[in-house]
Amino acid sequence: MNKTIEQIVSLCKRRGFVFQSSDIYGGFSAVYDYGPLGIELKNNISQLWWKEMTQVHENIVGLDSAILMHPKIWEASGHTGAFNDPLVDCKQCKSRYRADEFSEKYQDLNWKNIKCPKCGTTGKLTDPRQFNLMFKTSVGPVEESGTEAFLRPETAQGIYVNYQLVQGAMRMKVPFGIAQIGKAFRNEIIARNFIFRTREFEQMEMQYFVKPGKDDGSLIDWKNKRFDFYHQKLGISESKLRFHEHKNDELAHYAKEAWDIEYEFPFGWSEIEGIHNRTDFDLRRHQEFSGKNLLYFDQPNNEKFLPYIIETSAGLNRMLLTVLSDAYWEDTENNRIVMKIDPRIAPVKAVICPLVKKDGLPEKARKIVDQLKSQYKVIYDQQGSIGKRYYRQDEAGTPFGITVDHQSLEDDTVTIRYRDTQKQERVSNEQILNLLKDNI
Ligand code: GAP
């Protein structure tokens, strides 16, 4: 089935997953808001990642560092000098492009001979100019020199500058990791493909500190673990996932080796997560710029070293788009759209419906909601025909429909309907909790 990003955008708005920011003002470019279902799904995904990192791995701990940090951090990290994208403008129609959209070797292009993809005019594109992606702000009531600060473009630096405090407080021994989920901001030149590339987004990053020499093995280990996470935990189709290795000309200034996990979105294969061997680049630079000794003391071996860092860096919003893209299914036979979201991360686990709005059925259905709601996100729905109610929840990705009918009043049973197959079975009220437990 061919899915388009437009179909996904439309469903997201219709069902309350994702909205364009500032919608009533005509929108705000490349910024999005998450509606009631979107925030449930986003929370479920991030909790799964958090658990995987900080609970399943005993040697990984969490951190929540601030968005605003000392401006020198961005000099040390290289972002002030090198976090640039090449920008090209069309003088005719005012469209704006990233030069590398035309060719990865855009430096070799003769821009006078290139046609603007939007208006078709040749000779009106400017030469590429470097554009820094960091958002600037000022700290304190007066805007003057020395008050300049940046909204962080990645969460990673917050981990590096706290690494020694965390290590000391938690008595961590190398190898150990620090995980963080938080907002990042990039003034992207062009933002396309819905929530894939936005100016405000969330990252889920884990920095793993290893002894130099153990870095290559650790990278292989994390590559495999992160790949497995997508299909084993998020339920993403394995055939739509692949690795992409960064060749020398693609490698970031800090990386010795880098791999992307890519997903085949409706607009093509694109990166959802990066796994990087950052060596001791970041700690060495922060040591140099802060003047603080950041060496790790390996007591049993009585040696000091700067750990190497293996980074796993995922975008939460991209992960959510991956889930939505993978789940979208047009069931043409039954004329319905189904979001086949894995029950473990589905925003709502079950809808409870009285067959009719009378005869004591709503009261009985409400009792079931009360019985389940402390453990699972469930909703009550009595509006419209039962078929319509089910189809609404199919689009919302709700895996189970529980219906209370007149027989329920007699023998305390309900029907349970499965979203993907539409199969229905009769189960006792007592069995409902176990059924949800077994499937979620
Ligand atoms: N600390 C390393 C780092 O930030 P990156 O490849 O620039 O590496 C990592 O970003 C991940 O963050 C990407 O794989 C992507 O999922 C997400 N990401 C980056 N820029 C984004 C943007 N403008 N909008 C949404 N997600 C973005």
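This is a predicted model: local features need pLDDT of at least 70, side-chain atom pairs count only at pLDDT 80 or more; totals for chains, interfaces and linings use all residues.

Trainee: How many residues surround the ligand, and which are the closest?

Mentor: The shell around the ligand holds 22 residues, and the closest are E154, E188, T198, E205 and E271. By class, the shell divides into 10 charged, six polar and six nonpolar residues.

Trainee: Which side chains have an N or O atom listed against a nitrogen atom of the ligand?

Mentor: For E188, a side-chain N or O atom is 2.7 Å from a nitrogen atom of the ligand. For E205, the corresponding distance to a ligand nitrogen is 2.6 Å. As for cover, the ligand taken alone exposes 560 Å², and the protein buries 92% of that.

Trainee: Let us turn to the sheets. What holds the strands of a sheet together?

Mentor: Strands pair through backbone hydrogen bonds, in either a parallel or an antiparallel sense. In this model, seven strands form an open sheet with mixed pairing, in the order β3-β9-β10-β16-β13-β12-β11. Its edge strands, β3 (60-62) and β11 (241-245), each pair on one side only. From one strand to the next, the twist averages 25 degrees.

Trainee: How do β13 and β16 run, and how many bridges join them?

Mentor: They run antiparallel and are joined by five bridges. N277 stands opposite I310 of β16. Helix α6 (residues 215-233) packs on the sheet, and its direction makes about 145 degrees with that of β13. Helix α2 (residues 36-54) lies across β3, β9 (176-185), β10 and β16, at about 155 degrees to β9.

Trainee: In the sheet β5-β4-β6, why is one side of β5 and of β6 left without a neighbour?

Mentor: This is an open sheet of three strands with antiparallel pairing. β5 (96-98) and β6 (129-132) stand at its edges with a single partner strand each, so one side of each has no neighbour in the sheet. The twist here averages 45 degrees from one strand to the next. Three bridges link β4 (residues 84-89) to β5, and D89 has R96 of β5 as its bridge partner.

Terms used:
Residues are numbered from 1 along each chain as its sequence is written. Side-chain values use heavy atoms; hydrogens and water are left out. A residue is near a molecule or strand if one of its heavy atoms lies within 4 Å of it. A polar contact is a pair of N or O atoms within 3.5 Å; within protein, one must be able to donate a hydrogen and the other to accept it, and residues adjacent in sequence count only if both atoms are side-chain atoms. Accessible areas come from the Shrake-Rupley method with a 1.4 Å probe; for residues, only the protein chains shown count as cover. Ala, Val, Leu, Ile, Met, Phe, Trp, Tyr, Cys and Pro count as nonpolar, Asp, Glu, Lys and Arg as charged, and the others, Gly among them, as polar. Two strands pair if DSSP finds at least two bridges between them. Helices (H or I, at least four residues) and strands (E, at least two) are DSSP runs, numbered from the N terminus. Axes are lines fitted to C-alpha atoms, for helices over the stretch in contact, and angles run from 0 to 180 degrees between N-to-C directions. Contact means heavy atoms within 4.5 Å.
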